[in-house]
Structure formats: structure tokens, C-alpha cells
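Me: I'd like to go through the helix packing and the charged side chains here. Can you take my questions one at a time?

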Amino acid sequence: MAEMGSKGVTAGKIASNVQKKLTRAQEKVLQKLGKADETKDEQFEQCVQNFNKQLTEGTRLQKDLRTYLASVKAMHEASKKLNECLQEMYEPDWPGRDEANKIAENNDLLWLDYHQKLVDQALLTMDTYLGQFPDIKSRIAKRGRKLVDYDSARHHYESLQTAKKKDEAKIAKAEEELIKAQKVFEEMNVDLQEELPSLWNSRVGFYVNTFQSIAGLEENFHKEMSKLNQNLNDVLVSLEKQHGSNTFTVKAQPRKKTKLLSRLLRKKNSDNAPAKGNKSPSPPPDGSPAATPEIRVNHEPEPPSSATAGASLPKSPSQLRKGPPVPPPPKHTPSKEVKQEQILSLFDDTFVPEISVTTPSQSSLPAVVVETFSATVNGTVEGGSGAVRLDLPPGFMFKVQAQHDYVATDTDELQLKAGDVVLVIPFQNPEEQDEGWLMGVKESDWNQHKELEKCRGVFPENFTERVQ
């Protein structure tokens, strides 16, 4: 019997809920069709909009904070592996090994402490802050349903009162249901009217506290990390002093040359080498032993003889491909030599190369830079991009300063000392420019000679830094 009663109560409750849903659905349809008025509260609707905005912002902040914590953890792992690599490479007999290991341990502990404090003081607080939104959101939805019930009860009561045949018993029951629905709605409405504005205003303090905590933790972390980095730097400086002779030098980017032109140039150099090596040095005038002749490896060209004054060697193998004809270099011995006219004949003289910008250094320059080497007119140099001052080389683009010494390895290269200032000029043929190399003339040489043919040369861009 008890079981039957329980089933009866459950069945009755289910039927009541189904009836409420049907009544609400009918009321919403009538309201949308304009056949029934709807109770509205603009102030409450504004509070609901603020609530939704606050929930969206908080959810995004929580997501980004978790991403930040994941990044901190990833940085910790990367830093740990980097320190482990240093520990493995640090040999036992090197000074400061124990100090370096201790710094690595402290580095690991500092990352762990930073991550944990971020979790405690930011992420957990964020979770608590967002934890109150689901309940309030559920109450807002329930308040909406109770408002529909109230409007439905009000419309039912009004329809019975305006009916031609009034049934006082039904009217009394409808009025009782209306009062009950209104009471339930107003209780929920009043509570939310107080909570929603308070919750909206609390966001300012929460955001301030959250970001202050993050900023403070990050500031302390970087201060402590800076100390560890300084200590590690001191250890490495001590190591460098003990092994200071084994310095690491910066190397230039290798230049690219075509196989054919490289082979021709190597053949020409090999033909000229015996002539240079067979020259007998003259004995010194004081009768002292003759000095050992200096062996020069393509650092500077041999000075031309009087019969060939004005002739110059090609500046680079790439210039043999295209460009104006150049007289052959002077012969020192009857050895067989590849004439430059023959090299030039390998290419079509009438071929016009496509002018293209090959390096980022030239990306902001006018496209026509080949014609800047022209005669002077009224104290200026005529070029495709306007007049050029005579105290600078034709086509001057910008200045760079050598940051490292560079020893030239070819006749068309500049030999640099750290601190040398170079005036950068364009290549006569942009296709001759190798990646990572610039054409220029040292400022000191230009101020002294004012002759590009004697002073200009190519140099590695990564050995210099732009200064103007």
C-alpha cells in the first residue's frame, strides 16, 4: 500500500510538472504573437547582461591564466634541460663546477616555487571567483520560468473576470494561484536584484588583486633569477680567464660562385703562382742576410707595370659574367694564361640582366642603382636617383662599422679591423652580389684616394653593424 501511495505521489508530481511546462509554452507563444503582454524589468535585464559579460570575461581570464601557467611549466622544463646540458659539459677540472651545479639546483627550485605560488594566489582564487556563477545563472533561469508562471496566472485570472458568465469559485481559485505565483517570483526577483549589482561591482577588486599578485610574483621571480644569472656569469668569466686563449671567433658567411667561373679563376691563379714564387729578393744594401720573401694569398693584386698602367684585376669571379670589358692583367712570366677576353666571350655581351634586389639591405633603395657611376656635372654626380655629394662615393647608401676583424681571402675583398667605418655602395650588377655580402669602400681609403676602382671591395655583412 505504501508503495502504491509513493507511486501515486510520484505520478502526480510528474503530471503537475508536465502541465506547468505546457502552460509556460502556451504563454510564451501568446507573448511572441502579441496576444498576451509580458512583464518586463529593464533594470533587471541590464543586470543580467552585466552578469553574462562578467562570466565571459572571467572564463577567458581563467583560460589565459591556465595557458600562462602551462608556459611557465614549459619554460621551467626548458631551463632545467639547459642547465643539465651545462652540467654535463662542465668538466670536473674546470673552476666553478660546484658553484654552477648549485646555481642549477637553485634555478630549478625557483621555477617550482614561482609556479606553485601562481597556482595558490591566482589560479585557485580565480576558480573560487568563477565558482559562484553557475548557481546564480541557474537562479536567473528559474526566475525567468517563475515570471512566465506569474504572467500566465495573471492572464487566466483576468480572463475569468472579463468572461460573460462569471464563475466565482473559479475566479477565487485563479486569484489564489495568482497570489502564490506572484509571491514566489518576487522572492527570487528581490534576491537577484540585490546580488547581481554586488557581483558586478566586485569584479574590479578581483581583477586588481589577481593581476597585482601575478605582477608581484613575477617581479620577485625575475629578481631572484637575475641574481642566479649574475652568479652563473661570474663563474663563466672565471672559466674564461683560465682558458682565455681558446677564444671563439665569428666566421663570415661563405660566398657562392659558379663552378665554371671558380674553375677558371683557380686556373689563372695557379698559372700566376710560379711566377710570383720564382722572383728572387734583392739583397739588403747593408749586406745583411736576405729576408724570407712574404707569401701573399690573394690579399692584394700585384702592382701593374708602366706598360699596363690603369689596368686592374677583376674584383670578383661573379663580375666576369657580365659587365664592361677589362684589359687582361699584366704577365710576369711567359706562362700560359687564360685571357680575360676569352672568359668574357663565354657569355653573351648583349644579354641584359634582370635587376633584382638580393639582400634586405637593398630593399628600401631605388631599383636603378647601376647607372650611378657617371661623370660629374657642375660639382655633382648624375645618377638615376638624383645628385650625389662629392665627399661621398657615387651611389652611397649607408655606413657600417666593423665589429670584428676580417682577413680578406680574395683580391676583391676588403680587409677590416674592428672599428673601421665602411661606406656601402651598390653593386654595378646586382646579380653579382652574393648573399650576406656587401660592396663598399673604407671611409679612410675614400677620404685619402677618392678612387673607387682602387679602394672598393666586398665584405661580409655579419661582421659589421649599420651606424647611419
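Predicted model: local features only at pLDDT ≥ 70, side-chain atom pairs only at ≥ 80, totals over all residues.

Me: How do H2 and H5 run relative to each other, parallel or antiparallel?

Reply: Helices here are DSSP runs (H or I, at least four residues), numbered from the N terminus. The axes of H2 (residues 42–89) and H5 (residues 168–242) come within 10 Å and cross at roughly 15°; axes are lines fitted to C-alpha atoms over the stretch in contact, with angles from 0 to 180 degrees between N-to-C directions. Angles under 35 degrees count as roughly parallel, over 145 as roughly antiparallel, 65 to 115 as roughly perpendicular and the rest as oblique. So H2 and H5 are roughly parallel.

Me: And how does H4 run relative to H5?

Reply: H4 (residues 133–161) packs on H5 at about 150°, with the axes 8 Å apart. That angle makes the pair roughly antiparallel.

Me: Which residues are linked with Arg 139 in a network of salt bridges?

Reply: A salt bridge is a side-chain nitrogen of Lys or Arg within 4 Å of a carboxyl oxygen of Asp or Glu. Arg 139 pairs with Asp 135, closest N and O atoms 3.7 Å apart, and both sit in H4, four residues apart, about one turn of the helix. The network linked with Arg 139 takes in Asp 135 and Glu 195.

Me: Which residue forms a salt bridge with Glu 443?

Reply: The closest N and O atoms of this pair are 2.9 Å apart. Glu 443 is in helix H8 (residues 443–449) and its partner in strand S3 (residues 398–402; strands are E runs of at least two), so the bridge ties together parts 44 residues apart in sequence. The partner is Lys 399.

Me: Which side chain of opposite charge is nearest to Lys 442?

Reply: Lys 442, in strand S5 (residues 437–442), is buried yet has no salt bridge. Buried means under 20% relative accessible area, exposed over 50%, partly exposed in between (1.4 Å probe, protein chains only). Lys and Arg count as positive, Asp and Glu as negative, and His and the chain ends are not counted. At 4.0 Å, the nearest is Asp 420.

Key. Residues numbered from 1 in each chain as written. Heavy atoms only, no water.
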